[in-house]
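Welcome to this short briefing. Please have a look at the sequence and the structure below, and then read on.

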Amino acid sequence: MKRLILFCGVLVLLTLGLVFVYQAQAGEPKVLIPEPRWDFGLIPGGSVVSHYYLIKNMGTDVLKIESVRPG
Amino acid sequence: MKKELAVGDSTWIELIYTMGKHSRETHKSARVTTNDTLTGFINISFQGKGWLDSDSGVMLNVNPQTLDFGPLGEKRRTKLEAKIKNLSEEKMQLSIVDYPPEFFKEVKLSRDELKPGKTAKLKVRLERETEDQRFQKSVTVEAKGDTLNYRFTVPVQKGIESKVAAKKTVPTDKKEAEVKSDQKKAEAESDKKEAEGK
């Protein structure tokens with residue numbers, strides 16, 4: 001009986017370990033732009049303004065920014 | 001802008017926009033595509049409204065409307081200020097809501113509360129490294145009263161020749177927006193919505 005319990009325990013640990021390794025290997029990047037919309041308010045006519053958008057990787061793998069194009 | 005972000009890392013995407021010489025509202029957007037296949041792409045967008053000196057109804061006066069540090073190579077100016085006058089009859093709370101990260105040495109308001117008829121100063125001081133750079137940035141300020149609520153953006157620039165600047169301000173109704181990074185920029189937009197001579 002003890003052997004059976006021990007065997008089951010080892011089996012569970014082994015399964016959990018495999019799941020952990022699989023998840024680590026199958027990491028996913030996750031892009032987050034906390035403030036994707038911006039309001040400049042009033043802008044002097046004929047002038048140039050700029051704004052910076054923060055972009056974060058909240059995932060578990062490297063995030064690659066492939067392009068930024070006019071929508 | 002970094003093209004690759006490690007886990008937990010972050011970067012900035014800069015959007016630059018040239019406002020036409022008009023007082024209409026503007027909405028623009030750009031699409032950010034990454035290898036995050038679950039999210040797909042993300043749209044970033046902005047809005048603003050042209051503000052001409054002749055505009056009526058705005059209970060604020062900002063002078064000058066653009067902080068220009070002048071041409072490159074000329075006598076170095078490291079700080080400039082714009083005066084913000086409250087033309088309304090109500091008290092307003094002023095706050096700086098946006099300016100470029102790690103670009104200016106100092107961006108501050110001389111006072112946070114602006115009583116009717118009073119003036120506050122928006123002060124911008126350059127970092128030593130940026131004194132000899134050509135740049136076009138901006139600072140956005142919010143003014144809130146009991147009933148009035150304004151947000152306005154003050155362009156801050158250096159090394160932009162007056163002829164070029166004047167050319168850009170010709171009311172051709174040509175608008176352009178571009179998204180750029182430290183090394184690489186992606187042109188965002190150039191639309192000609194209205195025919196010349198309108």
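Here is a walk through the contact between the chains, the strands and the salt bridges.

This is a predicted model, in which local features need pLDDT of at least 70, side-chain atom pairs count only at pLDDT 80 or more, and totals for chains, interfaces and linings use all residues. Residues are numbered from 1 along each chain as its sequence is written, chains are lettered from A and ligands numbered from 1 in the order in which they are written, and side-chain values use heavy atoms, with hydrogens and water left out.

**Where chain A meets chain B**

- Chain A brings 40 residues to the contact and chain B brings 66 residues, where contact means heavy atoms within 4.5 Å.
- About 5100 Å² is buried between chain A and chain B, with carbon and sulfur atoms giving 58% of that area; buried area is the accessible area (1.4 Å probe) that two parts lose on being put together, summed over both.
- On the chain A side, the residues that lose the most area to chain B are Leu42(A), Val48(A) and Tyr52(A), together 17% of what that side buries.
- Between the two chains there are 38 residue pairs in polar contact, both residues at pLDDT 80 or more. A polar contact is a pair of N or O atoms within 3.5 Å; within protein, one must be able to donate a hydrogen and the other to accept it, and residues adjacent in sequence count only if both atoms are side-chain atoms.
- Strands E2 (37-44), E3 (48-57) and E4 (63-70) of chain A each supply at least two residues of the side that touches chain B, and E3(A) gives the most, with ten residues. Strands (E, at least two residues) are DSSP runs, numbered from the N terminus.

**Strands that pair**

- E4(A) runs antiparallel to strand E3 (residues 25-34) of chain B, and five bridges join them; two strands pair if DSSP finds at least two bridges between them.
- Opposite Ile65(A) stands Thr34(B), in E3(B).
- Chain B also has an open sheet of four strands with antiparallel pairing, in the order E5-E7-E11-E9.
- Strands E5 (60-63) and E9 (104-109) of chain B are at the edges with a single partner strand each, so one side of each has no neighbour in the sheet.
- Four bridges link E5(B) and strand E7 (residues 79-86) of chain B, and Asn63(B) has Lys83(B) in E7(B) as its bridge partner.

**Salt bridges**

- Over all chains there are seven salt bridges, each a side-chain nitrogen of Lys or Arg within 4 Å of a carboxyl oxygen of Asp or Glu.
- Between chain A and chain B the count is zero.
- Glu81(B) forms a salt bridge with Lys121(B), their closest N and O atoms being 3.5 Å apart.
- Glu81(B) lies in strand E7 and Lys121(B) in strand E11 (residues 119-126) of chain B, so the pair ties together parts that are 40 residues apart in sequence.
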